[in-house]
Amino acid sequence: MRNPQLNEKGELQHLLTIEGLPRETLTHILDTATSFVGVTAREVKKVPLLRGKSVFNLFFENSTRTRTTFEIAAKRLSADVINLNIAISSHTKGETLLDTVDNLSAMHADMFVVRHAQSGAPHLIASHVASHLHVVNAGDGRHAHPTQGLLDLYTIRHFKKDFTRLSVAIVGDVLHSRVARSLIHALTIMGTPDIRVIGPMTLIPSGVEKLGVTVYHDLEKGLRDVDVVVMLRLQSERMRGALLPSAQEFFKYYGLTPEKLALAKPDAIVMHPGPLNRGVEIDSAVADGAHAVILSQVTFGIAVRMAVMSILAGN
Ligand code: CP
């Protein structure tokens, strides 16, 4: 069956998930992003690749990093950017998602960047819109956050070079994390041999081993000799009922402190998609310490999103 995000020529028409994408496609996005890192360091930070195109940011769920870096990325590609304010849109009067999309399409939209609490919402839009339009998933429920997965991949490649020699630990609330799912798919496609997920039983999805990861419930065992540590926030907005005794208890067993980080390789990097909950999943001494590359992830996110949008617009 054809991948729904590829067109009949096998080119990327939409970016909905990393799962099932060829390694060449991921490498092409990362290499294109590298060329845009140079652009973002220039005094004049604009290139004309999306001149005359209209990019609509549709964020039905809150965001700081993703929404802002998509806006910056689109502006650096010279697109017109429209940020729909969902809170004062006709969504509040009962307009359906697809009716909203149809009306924005009638305003000559070229690309929709969609964040939604419901898994599958960007996919629904992509299967509905005209064939010249492009949809980018900016995070849907607990399903996928492909541009976060790509910027995480970019950050790991930047600091560690070769995916095929790495041990990567993903720690915390894996159950509710679209970031974890996207990164696991991305690392697997790139040939990473040792991907570990670490967390309490209540926050690790059953059957996650089928994705090619090893499960640890003991943080100290799971962190031993890893190259990369990816910390995850407790996503309480997606939890149904209490899955933990308390945030303090979680920090005691799964919070990343300098002492626990010392079990990883001496040159290990610490990543976090944000937003941070200091003192819950990560100690400030680690979040602000020498191993943290958390703010580099944010900066690389601009170039990665420029790469995704320019590749989609060219197909
Ligand atoms: N990483 C991430 O998705 O952050 P925001 O929710 O702030 O966009």
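First, some housekeeping. The model is predicted, so to speak of local features a pLDDT of at least 70 is needed, side-chain atom pairs count only at pLDDT 80 or more, and totals for chains, interfaces and linings use all residues. Numbering starts from 1 along each chain as its sequence is written, and side-chain values use heavy atoms, with hydrogens and water left out.

Start at the ligand. Around it sit S63, T64, R65, T66, R115, H145, Q148, P273 and G274, where being near takes a heavy atom within 4 Å. Now look for polar contacts, that is, pairs of N or O atoms within 3.5 Å (within protein, one must be able to donate a hydrogen and the other to accept it, and residues adjacent in sequence count only if both atoms are side-chain atoms). S63 has a polar side-chain atom 2.6 Å from a ligand oxygen, and R115 has one 2.9 Å from an oxygen atom of the ligand. On its own the ligand has 250 Å² of accessible area, and the protein covers 92% of that (Shrake-Rupley method, 1.4 Å probe; for residues, only the protein chains shown count as cover).

On a 1 Å grid over the protein atoms alone, a pocket is an open set of points with protein on both sides within 12 Å along at least five of seven lines, while a cavity is a set where a 1.4 Å probe fits but cannot get out; lining residues have an atom within 4 Å of a point. Points are joined across faces, edges and corners, and a volume is the space filled by probe spheres set on them.

The largest pocket comes to about 350 Å³. Its lining has 21 residues, with R115, R178, R233, G274 and P275 nearest the centre. α2 and α6 (178–189) are the elements that give two or more residues to that lining; helices here are DSSP runs of H or I with at least four residues, strands are E runs of at least two, and both are numbered from the N terminus. Where does the largest pocket lie relative to the domains? Domain 1 (23–145 + 300–313) and domain 2 (146–297) both give residues to the lining, so the pocket lies between them. The domain bounds come from an automatic or database assignment.

The second largest pocket is about 250 Å³, and among its 18 lining residues P4, L6, Q13, H14 and A126 lie nearest the centre.

As for cavities, there are 2 of 30 Å³ or more. The largest has a volume of about 60 Å³, and R65, T69, Q148, L151, P273, Q297, V298, G301 and R305 line it. α11 gives the most to this lining, with 4 residues. The second largest cavity, at about 30 Å³, is lined by V174, S177, A180, R181, I184, P205, V208 and L211.

Finally, the backbone. Most residues other than glycine have a negative phi, and most peptide bonds are trans. G274 and P275 are joined by a cis peptide bond, with omega about -5 degrees, and P275 sits in the loop between β9 (269–271) and α10 (284–287). K161 is not a glycine, yet has a positive phi of about 70 degrees; look for K161 in the loop between α5 and β5 (167–171).
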